[in-house]
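I opened my notebook to look up a two-chain structure.

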Amino acid sequence: MPPALSIKGLSKRYGDGTLALEDLDLEIPAGSFFGLLGPNGAGKTTLIGAVCNLIRVTGGEISVFGQPGTGMAARRMIGIAEQEPNLDKFLTVYETLLYHGGYYGMRGAEAAERAEQMIDAFDLRAKRDVEAPKLSGGMRRRLLLARALLHRPRLVILDEPTAGVDLELRHELWRYIRGLHEQGTTILLTTHYLEEAEALCDEIALISRGRIVARDTAEGLKRSHGVDTLEEVYLRTVAGGRIAMDQLEEVE
Amino acid sequence: MLKLWKQTILAPVISSLLFMIVFGLSLGDSIAEIGGFEYRIFIVPGLIAMAMAQSAYSNNSSTIFQARNDRYLDDIIAAPMSARQVHLGYLAGGAMRSLIIGIVLTALALPLTGAPLERPLELLLAVLLTITGFGALGIIVGIYAQSWDNQSFINNIVILPLIFLGGVFYSVGRLGSPWEQISHLNPLFYVVEAMRYGFLGAADVSPWLSLGVVGAITIALVAWAQLLFSTGHRLKP
């Protein structure tokens, strides 16, 4: 089976000259739960944007389950829940999901049925006819996730899905994401919560200055750096900037 | 699509009707006939053209700008739809609202003023070109705009004055030289003229010249909007 995501030589330089991604290679096996960790500005969101057709890349190749990343087949297989809630403020919960189904080629009845399923799955029934601005932060997170999953994507990209949510909802979202993974869906998760990455992910990549600087299981990363916690690995690699990069090269 | 009907449909219909009542029915009797038509009849095509053009423009510019600003445009760009499909979707949304306004205004204005509907096919062509062209202009401005002020600036400082100066309330043919010739450089003049020919069967210039100019402008604007969607310029960093 081809990898869920294959990225080769990906580069992105923004108009202001910022090099957000530099010749980045990454392969995520199908069915895995993959974590992407890095500080703000490391290139996580740019990488996700490139995979989801949300930015214009400067160079490189992306394929999703063997399909070219820019093609319709690849886009149909990806579901994304972005970091900031990006919901149409004029649409209700139900309409948000219904429209999304339409964007992904679902017929009216199919999209309506699926929207109702997702409303129940994410406990949004009481808010079904409420518009996005009137939802609480937690409810918006649920809706973002419901929208990302509505079209049954094979690769789900979650950009800090639990940022700013309370502990109870965080664990509820974890349960749901784990269940999704157990059903065979590939998950790419970015998070600032290291314990979240450690608890959920089969494999973790650390990104710094637009490049993947380390990749392994949580245990493997700790072992190769001779430390006890993922936090120490993080501090030694990506958080330390240039010095940490030098250290990493020494380790390698 | 019609969730905001009070704002997107009702408001422009009421404001256009007020123009017809105040200028046409109240003041019309004191103004001489223009081109053989009573004044209240003469102004109907231009007012309907103005309402439809502004609606097609402002609906699309605000829709795109809002989607960019709140970033829910990402949900559309990430979806398996081609640039052409997304473009067509936005054009159709703006055109549909604009068409509803045109139909409602026509249904009210004809019995109210006694205006005829002499050339329905030419009128239909003029309407389709107008709402498509102004819809595409709305998309372009919505994509380039950096604030709400930018898109309302184009409407209030460019479109509205050019439509007024394009002969909504008067015949450009009555203007002396050089204002008549200068008016012919105004692209909105041809929109008003094409619509006037459709309703009244008469206009200051040939209907084919009007339709040709409006058609050429529409094609150029649609091509520009398509280019923006295809390249992702200002839609994708």
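My entries follow.

**Ground rules.** I am working with a predicted model, where local features need pLDDT of at least 70, side-chain atom pairs count only at pLDDT 80 or more, and totals for chains, interfaces and linings use all residues. Residues are numbered from 1 along each chain as its sequence is written, while chains are lettered from A and ligands numbered from 1 in the order in which they are written.

**Chain A overall.** I looked up the secondary structure and found 10 helices and 10 strands in chain A. Helices (H or I, at least four residues) and strands (E, at least two) are DSSP runs, numbered from the N terminus. The C-alpha atoms of chain A fill a box of roughly 60 × 40 × 40 Å along the principal axes. I then checked the radius of gyration of chain A: 18 Å, which agrees with the value near 18 Å for a compact globule of 252 residues. That radius is taken over C-alpha atoms, and the globule rule is 2.2 Å times the number of residues to the power 0.38. Of the 252 residues in chain A, 44% count as buried (20 or more other C-beta atoms, placed from the backbone, within 10 Å of a residue's own).

**Chain A meets chain B.** How many residues does each chain give to the contact? I noted 21 residues from chain A and 16 residues from chain B. In contact means that C-beta atoms, placed from the backbone, lie within 7 Å. On the side of chain A that touches chain B, H2(A) gives the most, with three residues. That side divides into 10 nonpolar, four polar and seven charged residues. Here Ala, Val, Leu, Ile, Met, Phe, Trp, Tyr, Cys and Pro are nonpolar, Asp, Glu, Lys and Arg are charged, and the others, Gly among them, are polar.

**H4 and H9 of chain B.** Helix H4 (residues 83-113) of chain B packs on helix H9 (residues 207-231) of chain B at about 135°, with axes 9 Å apart. Axes are lines fitted to C-alpha atoms, for helices over the stretch in contact, and angles run from 0 to 180 degrees between N-to-C directions. The angle makes H4(B) oblique to H9(B). Angles under 35 degrees are roughly parallel, over 145 roughly antiparallel, 65 to 115 roughly perpendicular, and the rest oblique. Residues of H4(B) in this contact include B:Ala83 and B:Val86, and those of H9(B) include B:Phe229.

**H2 and H8 of chain B.** I found that the axes of helix H2 (residues 39-69) and helix H8 (residues 187-200) of chain B come within 8 Å and cross at roughly 125°. This makes H2(B) oblique to H8(B).

Conventions: Two residues are in contact if their C-beta atoms, placed from the backbone, lie within 7 Å. A residue is buried if 20 or more other C-beta atoms lie within 10 Å of its own, exposed if 12 or fewer, and partly exposed in between; C-beta atoms are placed from the backbone.
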